[in-house]
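Trainee: I am new to this structure and would like a close look at the nonpolar core. Could you walk me through that part?

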Amino acid sequence: MALIACVPNISEGRDKKIIKAIAKAVEQTPGVRVLGVTCGEDVNRTVMTFAGEAEAVEEGAYACIKKSYELIDMSKHHGKHIRLGCVDVCPFIPIEKSNIDDCVTIASDLGARIGSDFGIPVYLYGYAASSLKRQDLSYLRRGEYEHLAIKLQNIIPDFGPSAYNQVVKKAGALCIGARKVLIAYNINLNTKDVEKAKQIAAVIRESGVNRTGGGMLKAVKAIGWYIEEYGRCQVSINLEDYKKTPLYLVYETCVAEAKKLGIEVTGSEIIGFVPKELMIDTAKYYLNREGRITLGMSTRDIIEVVVKNLGLDDIEKFNMDEHILELKLKNLNMN
């Protein structure tokens, strides 16, 4: 079975009835299986992951966007995360016997449908982008929802209207794209001083600045914020290519930078799913540091090494069956 994942980021993380209704709309789509739903109250954002074959996944994404537009009013939305619309981003990702070209086709088809059926502006990003600049999601979301009226005039959407009207006021704009696996990863700090979290983020991200010029870590985007529900700050990271920058390097760099500021990293959390390969590579680093090897260890024991060394139980218990892609697909009989 050729499987594609979709990971819409929905601009609602507080109203459980709305989140449940959107998830239900996706779940009722034939051929689609929801892999996970993660809500953030402070950031007022929900990350949903579902998978299926190409046609089913496109219909699931359509249902998600339709229901989100019905239930969310962006003119009343507030949260700490950068956002542009009711479904802020909607990426398609090849995961089993599919490729990025399949995802580009779905993104383009869905964008055209959303623009036509609902009159919502749609920008294509990532591998589906219509220009080099538009590959970068941060370029499209700059200024956020509050500056959308100006953005629509300066950056014409790929689909839908360029005029700011009542539909756009309610829905915002959507960014639909195709990308490879991205690791959404938050590192926890034992401080409420958000400026220190921002300092660490500025040093580690690729676009940041350190003493040698440029950021420290390739393929890394990062911001610092304070999460009220956790009572601490985090460095919130998108690791766009874990083969360019390993997960353990992201964590250990943050540990070192935090120490320079007189604070500590207490652990971390993974949002959504990660491939088993990443966990095995991370475990090998820590086992090698201890003079041990993975030979003879079960997959679950290997993952436990990562959980321990990255402090993935710091906020809540890490459920490997929910976060490891291959285990989740196996439990759902999808691979």
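Mentor: Happy to. The largest nonpolar core holds 57 residues, and Y185, I237 and M279 touch the most other members. Here a nonpolar core is a set of buried Ala, Val, Leu, Ile, Met, Phe, Trp, Tyr and Cys residues joined through side-chain atoms within 4.5 Å, and buried means under 20% relative accessible area, with a 1.4 Å probe and protein chains only. Helix 10 (residues 299-310) gives the largest share of this core, six residues; helices are DSSP runs of H or I, at least four residues, numbered from the N terminus.

This is a predicted model, in which local features need pLDDT of at least 70 and side-chain atom pairs count only at pLDDT 80 or more, while totals for chains, interfaces and linings use all residues. Residues are numbered from 1 along each chain as its sequence is written, and side-chain values use heavy atoms, leaving out hydrogens and water.

Now look at M279. Leaving aside residues up to four places away in sequence, M279 touches I270, V274, I302, I303, V306, L312, F318 and I324, where contact means heavy atoms within 4.5 Å.

There is also a second, separate core of 52 residues, including C90 and C175. C6 is buried, at 0% relative accessibility. C233 is also buried at 0%, and its closest cysteine sulfur, in C254, is 13 Å away, so too far for a bond.

Methods:
Buried means under 20% relative accessible area, exposed over 50%, partly exposed in between (1.4 Å probe, protein chains only). Helices (H or I, at least four residues) and strands (E, at least two) are DSSP runs, numbered from the N terminus. A disulfide is a pair of cysteine sulfur atoms within 2.5 Å.
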